[in-house]
Amino acid sequence: MLLEILRLSWQALWERKGRTVGAIVGVVIAFSALSYALLLGQTFKDYTTRYFTSNFQTNVAYVTGALFTDADVGTLSTIEGVEAAIPIASARGVVRISGQATPIPVTVYGVDPALLRLLLPPTALYEGEMVVGSSLVLAGYYVAFDRSTGEQRISVGSPLSLSIGKRSINAIASGILATGALGYIDTARGVVMDISAFRQATGVTTYSVVVLVLRDPSLVEQVANDVRAAFPNVDVISPQAVLQTINSFLTSFQLFLGLIAGVSTVITALWLYDTMSISVVQKTKEIGVLRALGYKRRHVLAMFLGEAAIVALIGVAIGAALLLPLSQMGLPFGGQSTSAAAPRTAPHPTFNISHIEVDPAIVAATAALVVGINLLGAFLPAYRASRINIVAALRYE
């Protein structure tokens, strides 16, 4: 009986080819638009997560908003979940290079040499060694390279004069930092030096920020609450918390795209409702004949719903095939920064969506939704057809 009902549904569809093809095209558009919108939103979320985890240290928290002493750093290091507390002192300064008339404004950072590798990942080093000492410093990329001309002003081993306030220090560049390193330290226009040398030059014994390295990124909120309990007036910033906020926004954005694209699905359902209503009127006498031959009301209902299901399934199948080429359309949002004049290029963080990632779960859920809404649109006409009186149907002209 089921096969016979499906045969009748298929036959009925192609008796009105124009409307059937129109309905299938509508389903294709609805399914493709809704799937693409949801997949686009999900791809944004996935790329954002990968961007943050590859360019930021998500297991750190930055404590700012106060001047911290060594005693404060000791207190922060004892908080549950904190593996290390790295204090950073900073001041404004200028770098003077032999042969260069114009001094280069920089931010000077004083850090503990033993904790430097916890603060800056290996990818933060463009060339040279990740080492600071009494006379060794790390120079930012645009301290070493002229941003406008690409000329290299400082090489590894080059001498430079660093002025902080009224004090000048002669130093040697042990390494050049890469602009791709994201975090508190400005690796583009900063200079990193030994905290002891920094104190001798500035007389500053406090720290402007303390970087907390956490045992696990999931502990960010707990650690932040403990820090605020001990230091009520400070600010605690973490890439992990920023990522969660961005993902919440992107989830809302994904739903917004889905709602806009979902309008086409509703329109398709209304089209099927109209088509089925007309079909019921046109097939009234045929329905009466089927009922007289022994077909039950549920069989008539299933026959009309079968028409809607066939249209929806064909449309979904075609739409799914179209998703493959659509997903390969890249959406660039940033890219590798290059300078035509520069002999070498600084690595920069990139956010380049090369293709839309097809998530089978999202595609399957969208297909089920589109089929379900179209069946819902066809249900009322199908129900009316199943309730037609046999005698009245056989007399219908």
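Predicted model: local features only at pLDDT ≥ 70, side-chain atom pairs only at ≥ 80, totals over all residues.
Contact here means heavy atoms within 4.5 Å.

Helix α7 spans residues 220-230, and V220, V223, A224 and V227 are buried in it. Viewed down the axis of α7, these buried residues fall within an arc of 100°, so they line one face of the helix. On the strand side it includes β1 (60-64), β2 (82-96), β9 (209-214) and β10 (235-237). Among the helices in the cover are α3 (70-77) and α8 (239-282).

Two of those covering strands, β2 and β9, also pair with each other. Six bridges hold β2 and β9 together in the antiparallel sense, and I88 sits opposite V209 of β9. With β3 (residues 104-111), β2 runs antiparallel over seven bridges; here G93 faces V106 in β3. With β6 (residues 159-164), β2 is again antiparallel, this time over three bridges, and V94 stands opposite S163 in β6.

Next comes β5, a strand covering residues 136-139. Strand β5 runs parallel to β7 (residues 167-177), and four bridges join the two. A139 has I176 of β7 as its bridge partner. Strand β5 also pairs with β8 (residues 190-194), but there the sense is antiparallel and the bridges number two. On that side, L138 stands opposite V192 in β8.

What surrounds A173? Leaving aside neighbours within four places in sequence, A173 is in contact with V137, I154, S155, V156, G157, S158 and L160. T43 lies well away from this spot: 130 residues separate A173 and T43 along the chain, and their C-alpha atoms are 41 Å apart.

Strand β8 has its own residue of interest, D194. This aspartate is buried yet has no salt bridge. A salt bridge needs a side-chain nitrogen of Lys or Arg within 4 Å of a carboxyl oxygen, and the nearest side chain of opposite charge to D194, that of R199, is 8.4 Å away. What does the side chain of D194 reach instead? The backbone nitrogen of S196, at 2.9 Å. Residues up to four places away in sequence aside, D194 touches V111, P113, V132, G133 and S134.

Other charged residues do find partners. Side chains of opposite charge can pair when their charged atoms come close, and the count for this model comes to five salt bridges. One of them joins R19 and D274, with N and O at 3.3 Å. R19 lies in helix α2 (residues 17-55) and D274 in helix α8, so this pair ties together parts that are 255 residues apart in sequence.

A second salt bridge links E80 with R215, where the closest N and O atoms are 3.7 Å apart. This pair, too, connects distant parts of the chain: E80 is in the loop between α3 and β2, while R215 is in the loop between β9 and α7, 135 residues apart. R215 has a relative accessibility of 48% and counts as partly exposed.

The salt bridge between R153 and D146 has its closest N and O atoms 3.5 Å apart. Here both ends are tucked away from the surface by the 20% cut-off used for burial. R153 counts as buried at 16% relative accessibility, and D146 is buried with a relative accessible area of 17%. D194 is buried as well, but it has no salt bridge.

Technical notes:
Residues numbered from 1 in each chain as written. Heavy atoms only, no water. Pairing = 2+ DSSP bridges. Buried < 20%, exposed > 50% of the residue type's maximum accessible area, 1.4 Å probe, protein only. Lys, Arg positive; Asp, Glu negative; His and termini not counted. Polar contact = N/O pair within 3.5 Å; in protein donor to acceptor, adjacent residues only side chain to side chain. Arc of directions from axis to C-beta.
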